[in-house]
Amino acid sequence: MTTNTTATQGTSGIDSTTGTGTGIDSAIGTGTGIDSAIATAEAARTRLDLAKSAPKVFRAIVGFDAAAREGLDPALIELIQIRASHLNHCAYCLHMHTNDARKAGENEDRLHLVAVWREARHFYTEKEQAALALTEAVTLVADGGVPDEVYAQAAAHFDDQELAHVLALILTINTWNRVALATGKVAGTDERR
């Protein structure tokens with residue numbers, strides 16, 4: 001396995017070969033508390049950077065993700081990504097997508113309850129519930145496949161094109177979760193910026 005010893009240099013202000021700061025205060029704030037802990041964790045990361053090591057592969061995933069989102073409601077997109085990230089225990093993506101949802105005006109109650117949406121159905125439309133159930137089934141596909149009733153419920157709320165995009169979005173967030181987990185991405189950083 002190849003390690004990436006310079007993945008964070010220039011983005012977080014940390015020289016990852018020494019773990020020392022190189023302007024961290026201006027990069028992420030005061031350098032104390034959570035910001036300092038994030039910077040320390042990022043500096044300690046030694047796994048490869050997929051975007052640098054396999055740029056064509058990375059661009060293909062970005063393209064797949066962009067195509068999947070076409071025509072879908074932005075709030076639904078974030079709910080799907082948040083739920084899959086919960087199930088996959090991907091703190092990096094969960095942090096990123098909850099922040100994206102907030103910036104897009106998503107309600108805090110809905111963000112807090114999406115992990116237990118079945119117990120708080122009244123916070124979500126029937127269409128969102130169908131998408132969340134499909135997200136869970138596809139994400140946990142090894143646990144029992146995608147049950148016919150889950151698929152039928154989604155198909156009742158989305159036309160074929162929308163359903164194909166919802167399914168593609170579920171596949172892309174699961175791919176992103178696996179990329180983030182396999183390469184040791186640190187929650188609190190967001191390399192898109």
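Trainee: How many helices and strands does the secondary structure of the protein come to?

Mentor: The secondary structure comes to 10 helices and 2 strands, where helices (H or I, at least four residues) and strands (E, at least two) are DSSP runs numbered from the N terminus. From the N terminus on, the elements run β-β-α-α-α-α-α-α-α-α-α-α. This is a predicted model, in which local features need pLDDT of at least 70 and side-chain atom pairs count only at pLDDT 80 or more, while totals for chains, interfaces and linings use all residues. Residues are numbered from 1 along each chain as its sequence is written, and side-chain values use heavy atoms, with hydrogens and water left out.

Trainee: What share of the residues of the protein count as buried?

Mentor: Buried means under 20% relative accessible area, exposed means over 50%, and partly exposed lies in between (1.4 Å probe, protein chains only). Of the 193 residues of the protein, 41% count as buried. As for contacts, which mean heavy atoms within 4.5 Å, 65% of those between residues at least 6 apart in sequence join residues at least 24 apart.

Trainee: At what angle do α5 and α8 pack, and how is their crossing handed?

Mentor: Axes are lines fitted to C-alpha atoms, for helices over the stretch in contact, and angles run from 0 to 180 degrees between N-to-C directions. The helices α5 and α8 pack at an angle of about 35°, with their axes 9 Å apart. A crossing is left-handed if the near helix is turned anticlockwise from the far one by less than a right angle, and right-handed if clockwise; the crossing of α5 and α8 is right-handed. Leu 76, Leu 79, Ile 80, Arg 83, Ala 84 and Leu 87 in α5 meet Glu 128, Ala 131, Leu 132, Thr 135, Glu 136 and Thr 139 in α8. The residues of this contact divide into 7 nonpolar, 2 polar and 3 charged, given that Ala, Val, Leu, Ile, Met, Phe, Trp, Tyr, Cys and Pro count as nonpolar, Asp, Glu, Lys and Arg as charged, and the others, Gly among them, as polar.

Trainee: Is Glu 128 buried or exposed, and what does Glu 128 touch?

Mentor: Glu 128, which is found in helix α8, is buried because its relative accessible area is 8%. A polar atom of its side chain lies 2.9 Å from the backbone nitrogen of Thr 125. Not counting residues up to four places away in sequence, Glu 128 touches Leu 76, Leu 79, Arg 110 and Phe 123.

Trainee: With the side chain of which residue does the side chain of Thr 139 make a polar contact?

Mentor: A polar contact is a pair of N or O atoms within 3.5 Å; within protein, one must be able to donate a hydrogen and the other to accept it, and residues adjacent in sequence count only if both atoms are side-chain atoms. The side chain of Thr 139 makes such a contact with the side chain of Asn 174 (3.0 Å), and the Thr 139 side chain also reaches the backbone oxygen of Thr 135 at 2.7 Å. Thr 139 lies in helix α8 (residues 126-139) and counts as buried because its relative accessibility is 7%.

Trainee: Where do the axes of α4 and α10 stand relative to each other, and at what angle do they cross?

Mentor: The axes of helix α4 (residues 55-69) and helix α10 (residues 160-182) come within 8 Å and cross at roughly 145°, and α4 passes α10 in a left-handed crossing. The residues of this contact divide into 11 nonpolar, 3 polar and 2 charged. Phe 64, in helix α4, touches Ala 168, Leu 171 and Thr 172, not counting residues up to four places away in sequence. The C-alpha atoms of Phe 64 and Ala 168, 104 residues apart along the chain, are separated by 7.9 Å.

Trainee: How many disulfides are there?

Mentor: A disulfide is a pair of cysteine sulfur atoms within 2.5 Å, and by this rule the count comes to 0. Cys 90 is in no disulfide, with the nearest cysteine sulfur, that of Cys 93, 3.5 Å away.

Trainee: What is the phi of His 89?

Mentor: Most residues other than glycine have a negative phi. His 89 has a positive phi of about 60° although it is not a glycine, and His 89 lies in the loop between α5 (74-87) and α6 (91-103).
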